[in-house]
Amino acid sequence: MRTDRLRVGIVGVGTWANMAHLPAFAAKANCVLAAVADQDAQRAEAACRRFGIAHRYRTLDELLAREDVDLIDVCTGTAGHYALSMQAIEAGKHVLCEKPLGRDLDEAYGLAAAAKRRSLLTAVGFTFRHSPAVQRFKALIDDGYVGRIYHVQGFEQNSLYHDPTQPRPAGWWGQGDAGALGGYASHLVDLVRWTVGDFEEVVGDMQTFIPERAVNGGGMGRSECDDSTMFLAKLAGGVQGVFQASWLAAGRPPGVEIRVFGDRGGLKLHLTEHPDGDETLLGADIAEGIYRPVAGIEPAQWPMEEWPQFYFSRLVSNFADAVLAGGTAEGSFEDGWRCQQVLDAVALASRERRWVRTEEVSPVPAH
Ligand SMILES: NC(=O)c1ccc[n+]([C@@H]2O[C@H](COP(=O)([O-])OP(=O)(O)OC[C@H]3O[C@@H](n4cnc5c(N)ncnc54)[C@H](O)[C@@H]3O)[C@@H](O)[C@H]2O)c1
């Protein structure tokens, strides 16, 4: 890189950008928040005021006309991820994009291929890779704590969107948006690919329990995306997997749970907002079978931040340092498209009511 400070432009400064992305970049010493773009001028103005950002625009086009931005962060809804990330890649920028990387495998693969061709670094907003408990969970599996894995179970369940009278922007629940599969199961698939292994075959069921939801500005709109998805999987090495993603299950976010059971022991991980602490990691060896808290989670004491900011600061730090040092970042667009392949296979399995091999869903890149 030509400088020791990265100049960052963020497109989409809504709810999640304000909770996680903006505070994370603002706290990172070798990053400068140079500009934001949001089609909602009030949101752009509010972000600039809150974080002392000098420049704001309505479109990414206008932002990219600046030549002094090194990295683009895409934090719009899923429908915008492909076009905006591709525009940033074509302008030669390193890109962080929220999950799921695209609306389907072709979009996700197209982005990964385009970034690779231009040797640009990429990261997907796979927040939970940066949880200290998840990192300890992975290290223990890699060290053989559970031995040969037989079973993995993964859940992201909370009641964040259970209330249909809570207004959302029009299109928020449309087909272009992610639903529980893209929005929540994307995290599960990524974490399990990263810690346990590749998905080979899936069967699942996607449901929309609440078909109408309140829209900003008044009235009700049709919800076309799933609000609950369950699936079974066979992973490499014959590992059996059971998964569910739902935002209709009583509980606080993120509500991520992963359990692995092997021939030497088991691990149970739970991330949820709780007065006693947001992370729990329990382990048991096969002989005793009693689950106890696992030691060695770093840092043992969290700073004052809430989990979105804390995890995302670690994600941003990992990505920005990789860009500046010319290394690789955790959770790249390559991981993004491989995750999307599993999500598309689950959607196909649900539509056709059958088991689907993940390789059956092959990418056909648009570019
Ligand atoms: N990684 C995580 O754990 C996590 C958690 C929550 C949300 N997310 C992801 O973050 C993304 C944003 O979610 P949100 O809840 O903040 O949504 P939001 O609707 O609150 O905010 C999106 C913002 O993007 C703007 N926008 C949309 N299209 C645009 C375009 N083409 N040009 C400029 N601005 C545009 C909108 O005006 C809005 O301000 C989603 O992809 C979601 O999946 C990730």
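Author: A definition comes first: two strands count as paired if DSSP finds at least two bridges between them. The model is a predicted one. Strand β5, residues 94-97, and β6 pair in the parallel sense over three bridges.

Reader: Which residue of β6 is the bridge partner of L96?

Author: The bridge partner of L96 is A123.

Reader: And what is the strand order of the open sheet?

Author: The sheet has six strands in the order β3-β2-β1-β4-β5-β6, with parallel pairing. The edges are taken by β3 (55-57) and β6 (122-124); each has a single partner strand, so one side of each lacks a neighbour in the sheet.

Reader: How many degrees does the twist average from one strand to the next?

Author: The twist averages 20 degrees from one strand to the next.

Reader: Which strands does helix α9 touch where it packs on the sheet?

Author: Helix α9, residues 333-352, touches β5 and β6. The direction of α9 makes about 40 degrees with that of β6.

Reader: Turning to α4, is that helix mostly covered or mostly uncovered?

Author: Helix α4 (residues 81-90) is mostly covered, with seven of its 10 residues buried. The buried residues are H81, Y82, L84, S85, M86, A88 and I89.

Reader: What covers the buried residues of α4?

Author: The cover includes the strands β1 (6-11), β4 (71-74) and β5, together with the helices α3 (60-64), α5 (105-117) and α9.

Reader: Which residue with a positive phi follows α4?

Author: G92 follows α4, and its phi is near 80 degrees.

Reader: Now the helix pairs. How do the axes of α1 and α8 cross?

Author: The axes of α1 (residues 15-27) and α8 (residues 307-325) come within 8 Å and cross at roughly 45 degrees. The two helices are therefore oblique to each other, and the crossing is right-handed.

Reader: Which residues make that contact?

Author: From α1 the contact uses W16, M19, A20, H21, P23, A24 and F25, and from α8 it uses W307, P308, Q309, F312, S313 and V316. By class, the contact of α1 with α8 has 10 nonpolar residues, three polar and no charged ones.

Reader: At what angle do α1 and α2 pack?

Author: Helices α1 and α2 (residues 41-51) pack at an angle of about 40 degrees, with their axes 11 Å apart. That makes α1 oblique to α2. The crossing of α1 and α2 is right-handed.

Reader: Which residues are involved there?

Author: N18, L22, P23 and A26 of α1 meet A47, R50 and F51 of α2. The classes in the contact of α1 with α2 are five nonpolar, one polar and one charged.

Reader: One last topic. Where is P164 placed?

Author: P164 lies in the loop between β7 (149-157) and α7 (179-195).

Reader: Why does P164 count as partly exposed?

Author: P164 has 25% relative accessibility, so it counts as partly exposed; the class runs between the cut-offs of 20% for buried and 50% for exposed.

Reader: What is P164 in contact with, leaving aside its neighbours within four places in sequence?

Author: P164 is in contact with I210, E212, R213, A214 and M220.

Reader: And how far apart are P164 and V203 in sequence and in space?

Author: P164 and V203 are 39 residues apart in sequence and 28 Å apart in space, C-alpha to C-alpha.

Conventions:
Residues are numbered from 1 along each chain as its sequence is written. This is a predicted model: local features need pLDDT of at least 70, side-chain atom pairs count only at pLDDT 80 or more; totals for chains, interfaces and linings use all residues. Side-chain values use heavy atoms; hydrogens and water are left out. Helices (H or I, at least four residues) and strands (E, at least two) are DSSP runs, numbered from the N terminus. Axes are lines fitted to C-alpha atoms, for helices over the stretch in contact, and angles run from 0 to 180 degrees between N-to-C directions. Contact means heavy atoms within 4.5 Å. Buried means under 20% relative accessible area, exposed over 50%, partly exposed in between (1.4 Å probe, protein chains only). Angles under 35 degrees count as roughly parallel, over 145 as roughly antiparallel, 65 to 115 as roughly perpendicular and the rest as oblique. A crossing is left-handed if the near helix is turned anticlockwise from the far one by less than a right angle, and right-handed if clockwise. Ala, Val, Leu, Ile, Met, Phe, Trp, Tyr, Cys and Pro count as nonpolar, Asp, Glu, Lys and Arg as charged, and the others, Gly among them, as polar.
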